[in-house]
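Biologist: I am new to this structure and would like to learn how to read its features one at a time. Could you show me the model and then take me through it?

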Amino acid sequence: MITAKTSIQELQSLLQQWVELGWLRSLDSALAGFLAEQVPGADPRVLLAAALASHQLGHGHVCLDLAATLAEPDFALSLPPEGEEGLADAWLPSLWLAGLTLSDWQQALAQSPLIAAKGEAERPLVLSGERLYLRRYWSYEQGVAEALAARIRDDRDVPDDLPVWLERLFPEPLRINGERQTDWQKLACALAASSGFTLITGGPGTGKTTTVVRLLALLQGTASQPLRIRLAAPTGKAAARLTESIGNQVVRLPVNETVRAHIPTEVSTLHRLLGSVPGSRHFRHHGGNPLPLDVLVVDEASMIDLEMMHSLLMALPAHARLLLLGDKDQLASVEAGALLGDLCSQAEQGLYTPERKAWLEAVSGEQVAHPSLLAGDSERHALAQRVLMLRYSRRFAGGSGIGRLAEAVNSQQATLARALLGQYDDIASVRIKGEQDSSLNRLLYGGRGKALGYGHYLEVLNNTRPVVNTAFDDNAWHDWADSVLTAFERFRLLCAVRRGPWGVEGLNLRIAGLLHRRGLLSAAEGWYEGRPVLVTRNDYSLGLMNGDIGIALRLPEQDGRAVLRVAFARNDGSNELRFVLPSRLSEVETVFAMTVHKSQGSEFEHTALILPEALNPVLTKELLYTGITRASQHFTLLEPGRNVFEQAIARRVERRSGLLESLQR
Ligand SMILES: Nc1ncnc2c1ncn2[C@@H]1O[C@H](COP(=O)(O)OP(=O)(O)OP(=O)(O)O)[C@@H](O)[C@H]1O
């Protein structure tokens, strides 16, 4: 057990043991070692807390929640889900933390020269109530809370003809099955027109893009001079998808050509917008060199982590409007900080003040009415006045099982979700009996009914290859590569985990082997034609971003030789491709299977989600919801175990942060 009297050597050997077991990262233990050197005789309970606080960042938490750690000590480290055998039991955090009380721990921390209470001079750690932060993350959280608090107070004058504009942009009253319903999109436009900061959340197909395009038309159409509008998303993939859907929407706007011409259709990544400085955490744009824009729209905001949000808010000029769009129910970023989820935690209830509600109804002609709405007050619910939830999905209307399944999972109704899987053609579950189950292979290769499998893109690859002797610079090669990339995006296998037989690593090997045995791939390892790869780290010199997907293809050189190159979409709305030699790609992995986390911001016609055999800490309803909503037309659940789906629905992600508390102060 760790007490004030435990020697530093004993603590360090415990931390070392945890590192060797893979339960703690070496950088977490190194931090404790560094602090011990800084302050000889430091309390071991403080050093332990520092290592654990550092470790939480890897779990997506910006701080260590002391009370939660004492309640479930084994969750503070990364213990393997299946448990350790024998000897490791002696090292369990629950044994080492037994007997430590919250007040003793807090007291030890409060007295330590390593730890600042809020506002104190530079010290490496900050204690805020029951939460312990590394200073950098505490500063980010404070910075974000202060910047958001200022923006939440930023009321904007609305144009006198706002009601006319709303009528023009939303000419038809919304009817669902013939019945008049509240048009939340129209309300979102009204809300966003009246504030410097707005958050619009909604599930897939609820019209976030439609709403924002109409809002931009309204802002541009009523501005005295053209506004500088920029659109951004956290990843290249998400940016490419938004570029496409915005482009489609802008052409249909009922506005004159001048207004239309001033609505951008190109979406950049946040990194590009801010101007990343290669090899550093810094950006070209910051408080001293703010972004030159008047309106910023960021889509897929659930993927923004605390550090990025901090950089963004610091670089945003005070006069600029900020609009965040996203789906609050999706998994948060893998990095620390679940901002969208925190900021939208009361979106279902609305919590509009009576004055706000009356104003919204008067300008829009819509009723702010829904069974889940509650009345709010301006003091306690200032943030809520800037948040709007879109509640009706056009994509998953009527006979779509995907939409209903996503909803059942999100509302944690496991029995209903299970029943739905058998009731709709667009969703299904397949029981997998062991690793060699042929139904799994059939699905991965041939799909299910109209839902495609990986055989499809390989058919496109093999059957539409330009004829022999096609000149090396003929456009036919580009078109062929483009159609192979597009075909590959029609099906994807998603995994909850990386390791084990049902994780990304094992399945990638297995699928490559399967396609090789069927004669569709020339090899199953190394580089081979048809190998799909995922970029795992930004490479500015090649213009490739983490998350980009490419496919290796045999292409002719000028001298007639065929050489393997990896084709990537440029993801900048240009429809251009980039061809890279495999030898230049160091940070890539095969991507027949990918994690649900990595799939965020993407969408596939057919999405299959394979669960592990037994419950595991990463399995939550958010993970299932994110996986299911990646499917646009068909979804297949692959289940090697029993009841794992139901158990995962019952669990939710808990992210620890003090953002809401700081905002409400
Ligand atoms: N008010 C509307 N009137 C007509 N069609 C609409 C309206 N709102 C949305 N749609 C259609 O519904 C579909 C989904 O809308 P949109 O792409 O705006 O949703 P989204 O929430 O941005 O979706 P995603 O989940 O892809 O981010 C689109 O085909 C769009 O044209």
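Modeller: A polar contact is a pair of N or O atoms within 3.5 Å; within protein, one must be able to donate a hydrogen and the other to accept it, and residues adjacent in sequence count only if both atoms are side-chain atoms. Here a nitrogen atom of the ligand is 2.8 Å from an N or O atom in the side chain of Q185, while an oxygen atom of the ligand lies 2.5 Å from a polar side-chain atom of T209. Taken alone the ligand exposes 630 Å², and the protein buries 74% of that, with areas from the Shrake-Rupley method with a 1.4 Å probe, where for residues only the protein chains shown count as cover.

Biologist: Before we go on, what kind of model is this, and how should I read its numbering?

Modeller: This is a predicted model, in which local features need pLDDT of at least 70 and side-chain atom pairs count only at pLDDT 80 or more, whereas totals for chains, interfaces and linings use all residues. Residues are numbered from 1 along each chain as its sequence is written, and side-chain values use heavy atoms, with hydrogens and water left out.

Biologist: How many residues surround the ligand, and which helix gives the most to the shell around it?

Modeller: A residue is near a molecule or strand if one of its heavy atoms lies within 4 Å of it. The ligand is surrounded by 15 residues, of which the closest are Q185, K208, T209, T210 and R395. Helices (H or I, at least four residues) and strands (E, at least two) are DSSP runs numbered from the N terminus; helix 10 (208-222) and helix 11 each supply at least two residues of the shell, and helix 10 gives the most, with 4 residues.

Biologist: In what order do the 6 strands of the open sheet stand?

Modeller: Strands of a sheet pair through backbone hydrogen bonds, either parallel or antiparallel. Two strands count as paired if DSSP finds at least two bridges between them. The order here is 9-8-10-11-7-12, with parallel pairing. Strand 9 (267-269) and strand 12 (387-389) stand at the edges with a single partner strand each, so one side of each is left without a neighbour in the sheet. Neighbouring strands are turned by 25° against each other on average, direction ignored. Strand 7 (residues 197-201) and strand 12 pair over 3 bridges in the parallel sense, and L199 has V387 in strand 12 as its bridge partner. Helix 11 (residues 236-250) packs on this sheet, touching strand 8 (229-233) and strand 9 (contact means heavy atoms within 4.5 Å). The direction of helix 11 makes about 175° with that of strand 9, where axes are lines fitted to C-alpha atoms, for helices over the stretch in contact, and angles run from 0 to 180 degrees between N-to-C directions.

Biologist: Is L351 buried or exposed, and where does L351 lie?

Modeller: Buried means under 20% relative accessible area, exposed over 50%, and partly exposed in between (1.4 Å probe, protein chains only). L351 is buried, with a relative accessible area of 7%, and its place is in the loop between helix 15 (339-343) and helix 16 (354-364). Phi of L351 is near 55°, a positive value in a residue other than glycine.
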